[in-house]
Amino acid sequence: MIKWTGTSTNGTWKKEIIANDYEELLEELIDCGIIDGYWDIDSQVFAGLCDCSEKLEKLRDETQEASEEDNGDKLEALQEKFNNIDWHEDVFSKLSEDDFKYVIRGCNSQAYYQKFEEFEEN
């Protein structure tokens, strides 16, 4: 089990989330609106996942290249690839707990401190 605690830098809020593993914690943080969804190519979560997933990194790089070339057909094809990602099969199943923790830690644009506590369930 993992207990995540987030506190705003100015101390106005504190949130705690308990999850069975880091993948579940990531989903809970998204569901609570604390971090953006991984399906948003402009999010910190997606950027972190690109560091851990060759598939996503390649897709991001191809998308940036097509955007710079202003190639609408290529961008459309890449968007279709992006829409058809099976996140759990293609990405999450290949990540370690440390990878998920890295991704969550990298989501720091909301001006909060985060702490992780790992413990055994009784």
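"Buried" here means under 20% relative accessible area, with exposed over 50% and partly exposed in between (1.4 Å probe, protein chains only). Helices (H or I, at least four residues) and strands (E, at least two) are DSSP runs, numbered from the N terminus. You're looking at a predicted model, where local features need pLDDT of at least 70, side-chain atom pairs count only at pLDDT 80 or more, and totals for chains, interfaces and linings use all residues. Residues are numbered from 1 along each chain as its sequence is written, and side-chain values use heavy atoms, leaving out hydrogens and water.

Start by selecting helix H6, residues 97–105, and show side chains for its buried residues: Phe100, Val103 and Ile104. They sit on the same side of H6 because they cover an arc of only 95° around the axis, taking directions from the helix axis to the C-beta atoms.

Contact means heavy atoms within 4.5 Å.

Next, the sheet. It is open, with three strands in the order S2-S1-S3 and antiparallel pairing; strands pair if DSSP finds at least two bridges between them. S2 (14–19) and S3 are the edge strands, each pairing on one side only.

Zoom in on S1 and S3, antiparallel and joined by seven bridges. Pick Gly6 and you'll find Gln114 in S3 opposite.

Finally, bring the helices back. H6 packs on the sheet, touching S1 and S3, and its direction makes about 160° with that of S3. H1 lies across S1, S2 and S3, at about 140° to S2. For these angles, axes are lines fitted to C-alpha atoms (for helices over the stretch in contact), and values run from 0 to 180 degrees between N-to-C directions.
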